[in-house]
Amino acid sequence: MDCLFCKIIAGEIPSTKVYEDEYVYAFKDISPIAPLHYLFIPKQHISGASAITEENADVVGKIFMAIAKVAAQEKLESGFRVITNCGDDAGQTVHHLHFHLIAGQKMGWSADQGV
């Protein structure tokens, strides 16, 4: 499999880890759009939100639990945003389910924000 995020999980490509457990890996985005920009990915390859099934849906809850833990550690009391893109037209560039955690600035709303 030629998946960038699977290679990051396997340690074949370096990343700056911010969280890891049995199911989830999180790391700093290499092209951040906010002062804090982390990616949360399941260790199991799932191509995107449209590929979530009854068999793999539990991992989404585990990802959001990890996001909550990291948000608490980072003291993001004033707010943060969690985004996932699904498909090329939505801007998904790596076809491995992932969630962007962005924070550290006041945010507006724009569909072309590029995450």
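1. Ground rules. The model is predicted, so local features need pLDDT of at least 70 and side-chain atom pairs count only at pLDDT 80 or more, while totals for chains, interfaces and linings use all residues. Residues are numbered from 1 along each chain as its sequence is written, and side-chain values use heavy atoms, with hydrogens and water left out.

2. Strand 5 is covered. Strand 5 spans residues 99-103, and five of its five residues are buried. Strands (E, at least two residues) and helices (H or I, at least four) are DSSP runs, numbered from the N terminus. Buried means under 20% relative accessible area, exposed over 50%, and partly exposed in between (1.4 Å probe, protein chains only). In a regular strand, side chains alternate between the two faces of the sheet. Here Phe99, Leu101 and Ala103 lie on one side, His100 and Ile102 on the other, and all are buried.

3. Its partners. Strand 3 (residues 36-42) runs antiparallel to strand 5, joined by five bridges. Strand 4 (residues 81-83) is also antiparallel to strand 5, over three bridges. Two strands pair if DSSP finds at least two bridges between them. Histidine 37 bridges to isoleucine 102. Valine 82 bridges to leucine 101.

4. Histidine 100. Histidine 100 sits in strand 5. Is it buried or exposed? Histidine 100 is buried, because its relative accessible area is 7%. Its side chain makes a polar contact with the side chain of histidine 37, at 2.8 Å. A polar contact is a pair of N or O atoms within 3.5 Å; within protein, one must be able to donate a hydrogen and the other to accept it, and residues adjacent in sequence count only if both atoms are side-chain atoms.

5. Cysteines. How many disulfides does the structure hold? It holds zero disulfides. A disulfide is a pair of cysteine sulfur atoms within 2.5 Å. For cysteine 3, the nearest cysteine sulfur is that of cysteine 6, 3.7 Å away. For cysteine 86, the nearest is that of cysteine 3, 14 Å away. Cysteine 3 counts as buried because its relative accessibility is 6%. Cysteine 86 is partly exposed, with a relative accessible area of 35%.
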